[in-house]
Structure formats: structure tokens, C-alpha cells
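Welcome to this guided tour. Open your viewer, get ready to select residues by number, and follow along stop by stop.

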Amino acid sequence: GIQHSFPLSVTNSQLASNLRHVPNVSNTFETRKTLKTMVFSTKYLTFRNACAIKRLEQTSKIGCRKHRSLAQDVSKQVKMFFERFDEYSVKLVKEGMEEAKRLKCTQVSSEHLLYGCTALRNGTSVALEKSKVTGPSVRAQLQLLYPSALVAGGLGGMFGQQTKASNSAEMLPFSREVDAAFQIANRAGKVEPDGKVTSRVLLLALFEQEETTPGGLSRIMEGLDVTVEEIEKDLSPRNQEDLRELVGVA
């Protein structure tokens with residue numbers, strides 16, 4: 001953003017040769033004095049501009065280092081936060097985020113993660129299927145919550161066809177309720193046998209957070225005429241063992 005008013009290097013001979021082409025300039029004392037003053041001023045301004053450029057470059061380098069360090073710290077914190085999630089929990093979050101993108105949402109909410117649970121092939125998804133909470137049924141309720149997505153996505157959204165997102169690599173932020181549920185799940189995962197946040201733990205955390213601040217998840221459960229108590233019963237560790245055996249047989 002700094003513009004140079006004078007060249008970076010000007011010699012006496014160059015300035016004198018330029019002055020020769022100026023009419024009515026004689027080789028008098030005043031002319032020589034003016035010449036020296038102009039040369040000194042030019043060199044001073046050149047030095048000052050050079051110093052300003054150097055300070056700007058140093059500030060830019062420091063800013064880049066700070067920005068890069070901040071980005072690395074944030075990436076490390078995110079990695080540490082999700083490193084205790086098992087493979088099914090990570091898949092749950094990814095599926096929920098993709099569903100939020102399909103619905104043209106600006107953030108990932110609890111109802112999107114509920115759909116992500118139905119995409120799993122484990123005891124958690126089977127427990128939901130026992131209560132008629134399936135992928136198509138949850139998606140139908142989501143279309144009622146976000147009717148504008150049906151208009152934007154066309155009829156393909158009604159029949160479960162994936163519409164192309166604006167940017168598939170874009171990471172959507174999580175809602176405040178989902179962030180709170182993640183905190184609950186992390187605390188609950190510490191007492192699990194393997195110390196991991198499983199899909200069952202994450203779904204129970206979503207239910208617990210929903211009791212505090214009801215949102216889209218509660219409306220979907222009401223639309224499906226399903227109570228949280230029914231699903232929580234099937235999500236108990238003993239029933240989960242039986243459901244895992246059913247998944248293995250399937």
C-alpha cells in the first residue's frame with residue numbers, strides 16, 4: 001500500500017542531467033544549493049520509504065506466523081476433541097453434516113445427527129429401527145421442518161436422492177445444543193469400557209440435551225409418535241448386546 005514519490009536510488013549526475021533540460025537554469029550558487037537540497041531530500045525520502053517497506057514486510061511476516069499458529073492450535077483442539085469418538089460416532093457426525101448440507105442449513109443441529117444415527121449399521125441404528133425411526137421416516141420429518149429445501153432440491157429430496165451441495169468439502173458449524181451434547185458425550189465416554197464416545201453415548205447425550213432445550217429432535221420424535229424412553233430402553237447395554245448379535249447375523 002506504500003507508493004514511492006521518488007525513485008529508490010538517485011545520483012547527483014542523474015539529477016543534474018535532468019536539470020540541464022530545464023530552461024533558464026544557470027550554474028549559479030542558488031542552482032547548486034537547490035540541487036544539493038533536492039538530492040538530500042530525495043535520498044531521505046528514499047531511505048524513509050525503504051524503512052517503511054521493511055517494517056511492513058516484518059509486520060506481514062509476524063501476522064502470517066500468528067495466523068498460521070492460531071490455525072494449528074484450532075486444528076489441534078478439534079482433533080483432540082474428536083479423537084475419543086469411535087468410528088461409528090465419527091460416521092454419525094459426517095452423515096448428519098451431509099444431511100444438513102442437503103437441506104441447505106447453515107449449521108448442524110440435533111435432528112441432523114438423528115438422521116446420521118439411522119445411517120449406521122450397529123446396535124444404535126437397530127434400536128432406532130425397532131421404534132420405527134428409520135432413515136426415510138426421519139428424512140420425511142426433516143422435509144416438514146425445512147420445506148424450503150424441498151423447493152430448492154426438487155422432487156429428488158422426496159425420494160431420498162442426494163442433491164449436489166454447494167461445496168461438499170465445506171465444514172458446517174455445530175449448533176449450540178450440539179456443542180453441549182458433545183460435551184456431555186465426552187464426559188460420559190470416560191466411564192465407557194474402552195473410554196470412547198460411542199454412537200449410543202452420543203445419541204443419549206443428544207436426548208439429555210434435548211430435555212434442557214427442546215428443538216428439532218423433539219419435533220421429529222413427536223412427528224414419529226415415538227418417546228425417548230422407548231429408545232433409551234433399547235439403548236441399554238444389555239439390550240445393545242442382543243442388538244449387536246442381530247446386526248452380526250444380518
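Begin with a pair of helices: select α8 and α9, where α8 passes α9 in a right-handed crossing. A crossing is right-handed if the near helix is turned clockwise from the far one by less than a right angle, and left-handed if anticlockwise. Color the residues that make this contact: E177, A180, A181, F182, I184, A185, A188 and G189 on α8, with V201, L202, A205, L206, E208 and Q209 on α9. Contact here means heavy atoms within 4.5 Å. These residues divide into 10 nonpolar, two polar and two charged. In this count Ala, Val, Leu, Ile, Met, Phe, Trp, Tyr, Cys and Pro are nonpolar, Asp, Glu, Lys and Arg are charged, and the others, Gly among them, are polar.

Now look at the angle. α8 and α9 pack at about 130°, with their axes 8 Å apart. The axes are lines fitted to C-alpha atoms, for helices over the stretch in contact, and the angle between N-to-C directions runs from 0 to 180 degrees. The two helices, α8 and α9, are therefore oblique to each other. Angles under 35 degrees count as roughly parallel, over 145 as roughly antiparallel, 65 to 115 as roughly perpendicular, and the rest as oblique.

**A word about the model**

This is a predicted model, in which local features need pLDDT of at least 70 and side-chain atom pairs count only at pLDDT 80 or more, while totals for chains, interfaces and linings use all residues. Residues are numbered from 1 along each chain as its sequence is written, and side-chain values use heavy atoms, leaving out hydrogens and water.

**Zoom out to the whole chain**

Helices (H or I, at least four residues) and strands (E, at least two) are DSSP runs, numbered from the N terminus. How much of the chain is buried? Buried residues make up 36% of the 250 residues, where buried means under 20% relative accessible area, exposed over 50%, and partly exposed in between (1.4 Å probe, protein chains only).

**Into the core**

Next, select L114, V133, V138, F182, L202, L203 and I231. Of the 40 residues in the largest nonpolar core, these touch the most other members. A nonpolar core is a set of buried Ala, Val, Leu, Ile, Met, Phe, Trp, Tyr and Cys residues joined through side-chain atoms within 4.5 Å. Elements that give two or more residues to this core include α3 (87-102), α4 (110-118) and α6 (135-145). Which element gives the largest share? That is α9, with six residues.

Stay with L202 for a moment. Leaving out residues up to four places away in sequence, L202 touches F85, S89, L92, V93, F182, A185 and V197.

Then click on L113, which lies in helix α4. L113 counts as buried, because its relative accessibility is 0%. Apart from its neighbours within four places in sequence, L113 is in contact with L92, V93, G96, V108, V178, F182 and L206.

**Along α10**

Select α10 and find its buried residues: G216, L217, S218, I220 and M221. Their cover includes α4, α6, α9 and α11 (228-234). The contact is made by V138, Q141, L142 and L145 of α6 and G216, R219, I220 and G223 of α10.

**Stops in the loops**

Move to the loop between α10 and α11, where you will find D225. D225 is exposed, with a relative accessible area of 69%. Its phi is near 55°, a positive value in a residue other than glycine. Most residues other than glycine have a negative phi. T227 is in the loop between α10 and α11 too, and is partly exposed at a relative accessible area of 36%.

Jump to K104, in the loop between α3 and α4. K104 has a positive phi of about 60° although it is not a glycine. At 44% relative accessibility, K104 is partly exposed.

For the last stop, select S175 in the loop between α7 (147-153) and α8. Is S175 buried or exposed? S175 counts as buried, because its relative accessibility is 2%. Setting aside residues up to four places away in sequence, S175 touches Q107, V108 and S109.
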